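Here's a quick briefing to read alongside the model. Have the viewer open as you go.

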Amino acid sequence: MFPFLRKGPDIRETIGLISSTLTVILAALKYDNYIGISWFSVFAPLFAMDGILAYLNLIISVRLRYEKHLNASKMILILNLPSLLLFFVFKYLLAQKLENQTSISFTTIGVPLYIWSILAMIYFLIKLKEG
């Protein structure tokens, strides 16, 4: 459909895999007290991934708009940016909780994931109805 979106390996998946791997390694080292960095530094690869993915989504949206694919451009912004925002809020709240900077419960920290799951369910139900 859009040939420029799928040339070779998807850069978004590669960025996600690299940042997730780095975060897991840093979290394990932090948990075992091998490194003395803050939890915000542990989650830094994921925060960087959020920024890069938001930037890539904006570039793709602008390019689709330039090529007169207005509906696809809107859908990328409507679907991807709220997801990125919700995941960012979850990671930020989790890092705050692990640093003991806030007294909110882990249940409250999970609210952005709950909202995202509802949005994903609505999206898939709409796609299922369209056929």
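This is a predicted model: local features need pLDDT of at least 70, side-chain atom pairs count only at pLDDT 80 or more; totals for chains, interfaces and linings use all residues.

Numbering starts from 1 along each chain as its sequence is written, and side-chain values use heavy atoms, with hydrogens and water left out.

**Overall fold**
- The protein chain has six helices and zero strands (DSSP runs: H or I of at least four residues for helices, E of at least two for strands, numbered from the N terminus).
- Its C-alpha atoms fill a box of roughly 50 × 30 × 20 Å along the principal axes.
- Of the 131 residues, 29% are buried (under 20% relative accessible area; exposed is over 50%, partly exposed in between, with a 1.4 Å probe and protein chains only).

**Helix pair**
- Helix α3 (residues 44-66) packs against helix α4 (residues 70-98) at about 170 degrees, axes 9 Å apart (axes are lines fitted to C-alpha atoms over the stretch in contact; angles run from 0 to 180 degrees between N-to-C directions).
- That makes α3 and α4 roughly antiparallel (over 145 degrees; under 35 is roughly parallel, 65 to 115 roughly perpendicular, the rest oblique).

**Around Ile 115**
- Ile 115 sits in helix α6 (residues 111-130).
- Ile 115 counts as partly exposed because its relative accessibility is 37%.
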